[in-house]
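Here is a short briefing to read with the model open beside you.

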Amino acid sequence: VPVGLAFVVTHFPTAQLENVSIRVAILTATLTAGGLLVLVTTALALDRAHAQLEASRRQTRDLVERAPDGIFVADLDGRYTDVNDAGCHMFGYSRDEILGKSIVDLLPPSEAERLWQTKDALLGGATHLGEWTVLRKDGSYMPVEFSARILPDGRWQAFARDISERKRLEEALRL
């Protein structure tokens with residue numbers, strides 16, 4: 001469009017446009033207006049896409065926060081990078097207290113070796129579903145069922161469910 005417009009303005013003289021300066025000014029004004037139109041159209045499309053992305057992000061975060069099970073995300077070194085409210089409540093910590101802690105910090109020492117073996121299996125592409133004992137903030141131990149995997153971006157994701165009541169009922173039935 002700019003090349004065609006430049007050709008028309010410079011090669012088809014009219015009575016009012018004999019001066020080259022006037023032709024260049026018209027060309028410049030037309031191209032500026034066209035550029036602004038393209039810029040505004042693109043900006044509006046980007047703004048709509050950004051609004052949709054933010055709405056999707058809020059909806060996803062809301063789903064995670066409202067989940068009944070604890071959702072934990074850690075880096076490959078085992079340091080927590082995210083946790084939902086159910087996970088905080090289950091372990092008795094605030095979000096700020098959990099973030100930056102290591103998975104090992106919330107396990108009894110006897111479970112550490114099992115954790116690293118599980119991590120090796122997860123790195124191999126496996127999904128882990130198992131029962132673990134975790135250490136709560138108040139020092140008590142709690143049985144938890146974890147479902148975990150390593151995500152494609154290298155984060156460690158786990159869903160945790162308190163199984164204290166189930167364990168209590170199993171023990172009662174056993175007795």
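Which residues of the largest nonpolar core touch the most other members? They are F72, F91, I98, F146 and W156, out of 24 residues in that core. The model is predicted, so local features need pLDDT of at least 70 and side-chain atom pairs count only at pLDDT 80 or more, while totals for chains, interfaces and linings use all residues. Residues are numbered from 1 along each chain as its sequence is written, and side-chain values use heavy atoms, with hydrogens and water left out.

**The nonpolar core**
- A nonpolar core is a set of buried Ala, Val, Leu, Ile, Met, Phe, Trp, Tyr and Cys residues joined through side-chain atoms within 4.5 Å; buried means under 20% relative accessible area with a 1.4 Å probe, protein chains only.
- At least two core residues come from each of β1, β2 (80–83), α3 (85–91), α5, β3, β4 and β5; helices (H or I, at least four residues) and strands (E, at least two) are DSSP runs, numbered from the N terminus.
- The largest share, 5 residues, is supplied by β4.
- F146 is in contact (heavy atoms within 4.5 Å) with F72, F91, H128, L129, G130, W132, V134, A158, F159 and A160, leaving aside residues up to four places away in sequence.

- The search of the whole structure turns up 1 cavity of 30 Å³ or more; a cavity is a set of points on a 1 Å grid over the protein atoms alone where a 1.4 Å probe fits but cannot get out.
- The largest cavity has a volume of about 190 Å³, a volume being the space filled by probe spheres set on the points.
- Its lining has 17 residues, those with an atom within 4 Å of a point, and I103, L115, F146, W156 and A158 are the closest to the centre.
- That lining divides into 14 nonpolar, 3 polar and no charged residues.

**The open pocket**
- The largest pocket, an open set with protein on both sides within 12 Å along at least five of seven lines, has a volume of about 190 Å³.
- Among its lining residues are T60, R61, V64, D82 and R155.
- The most lining residues, 3, come from α2.
- By class, the pocket lining holds 5 nonpolar, 3 polar and 3 charged residues.

- β1 and β2 run antiparallel and are joined by 3 bridges; strands pair if DSSP finds at least two bridges between them.
- A74 has Y80 of β2 as its bridge partner.
- The hairpin has 5 residues between the strands, and G78 takes a positive phi near 90 degrees.

Terms used:
Ala, Val, Leu, Ile, Met, Phe, Trp, Tyr, Cys and Pro count as nonpolar, Asp, Glu, Lys and Arg as charged, and the others, Gly among them, as polar. Buried means under 20% relative accessible area, exposed over 50%, partly exposed in between (1.4 Å probe, protein chains only).
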